[in-house]
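Subject: Structure for you to look at

Hello,

Here is the structure I said I would pass on. My notes on what was found in it follow below.

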Amino acid sequence: MEEISKEELDERVALLKKFRSLLQQQRDKFREYLSVLEKQESSIESENPDALFAHTELEKQVVSSIVNLQKVIVPMSDLYKARGGQSQDASVASLQDDLSSLQDKVLAQNKKNRDLLKSHMDSIRTQISSFRNPYKGRRSVYAEKNAIGSMVAVEA
């Protein structure tokens, strides 16, 4: 077994701590995203467009921060593995499992919200199409093609 220097060991420990910290941040962001999606579901059910819009804006921010974290985590993971992290630290493996589970929950909740929103949109379309238009079939005075003057005489 090859012996590593104190500097190499310190570097690996620092890398492990940073990697673990990034995974924890991402886990927290996924939890926040799941919470937003659950609140968004209740806004869809209560047909509250203002709350739905607010949740959608918050969702964009959370997703953006998850994407930014992922841009750092992927290279950090590669560096971690290249530096001898093949014998995974138990806490890192646990965090990765937790992240995977949260990601599955987020995807399921997201699909549920999309289906619920689609159902509400279909219901609204049906309601709109069932409205009786009293002007349907009548000609509009504004739609007639009568000759109109194109010049105005102004006398002083």
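This is a predicted model: local features need pLDDT of at least 70, side-chain atom pairs count only at pLDDT 80 or more; totals for chains, interfaces and linings use all residues.

Overall fold

The chain has 156 residues, and buried residues make up 24% of them. Its secondary structure comes to 3 helices and 0 strands, and the order from the N terminus on is α-α-α. Helix α1 covers residues 6–45 and helix α3 covers residues 90–130, while helix α2 spans residues 49–82.

Helix packing

How do the axes of α1 and α2 cross? They come within 9 Å of each other, at an angle of roughly 160°. Angles over 145 degrees count as roughly antiparallel, and α1 and α2 are therefore roughly antiparallel to each other. The crossing in which α1 passes α2 is left-handed.

For α1 and α3, the axes come within 9 Å and the crossing angle is roughly 20°. That makes α1 roughly parallel to α3, since the limit for this class is under 35 degrees. Here too the crossing is left-handed, with α1 passing α3.

Two C-alpha distances are worth checking on screen. I66 is found in helix α2 and, at 10% relative accessibility, counts as buried, because the cut-off for buried is under 20%. The C-alpha atoms of I66 and Q25 are separated by 8.9 Å, although the two residues lie 41 residues apart along the chain. L9 belongs to helix α1 and is partly exposed at 42% relative accessibility.

The loop between α1 and α2

E47 sits in the loop between α1 and α2. Phi of E47 is near 55°, a positive value in a residue other than glycine. Most residues other than glycine have a negative phi. E47 is exposed, its relative accessible area being 53%, and the cut-off for exposed is over 50%.

Salt bridges

How many salt bridges does a search of the whole structure find? The search gives 9. I describe some of them here.

The side chains of D98 and R31 meet in a salt bridge, with 3.2 Å from N to O. This pair links distant parts of the chain: D98 is in helix α3 and R31 in helix α1, 67 residues apart. Both ends are partly exposed, D98 with a relative accessible area of 23% and R31 with 41%. The pair also belongs to a network of salt bridges that links R27, R31 and D98.

D115 forms one with K111, and the closest N and O atoms are 2.9 Å apart. Why can these two side chains reach each other along the helix? D115 and K111 are 4 residues apart in helix α3, so about one helical turn separates them. D115 counts as partly exposed at 42% relative accessibility, and K111 is partly exposed as well, with 43%.

The side chains of D122 and R125 also meet in a salt bridge, at 3.4 Å from N to O. These two residues are 3 residues apart in helix α3, which again means a separation of about one helical turn. D122 is partly exposed, with a relative accessible area of 33%.

Regards

Terms used: Residues are numbered from 1 along each chain as its sequence is written. Side-chain values use heavy atoms; hydrogens and water are left out. A salt bridge is a side-chain nitrogen of Lys or Arg within 4 Å of a carboxyl oxygen of Asp or Glu. Buried means under 20% relative accessible area, exposed over 50%, partly exposed in between (1.4 Å probe, protein chains only). Axes are lines fitted to C-alpha atoms, for helices over the stretch in contact, and angles run from 0 to 180 degrees between N-to-C directions. Angles under 35 degrees count as roughly parallel, over 145 as roughly antiparallel, 65 to 115 as roughly perpendicular and the rest as oblique. A crossing is left-handed if the near helix is turned anticlockwise from the far one by less than a right angle, and right-handed if clockwise.
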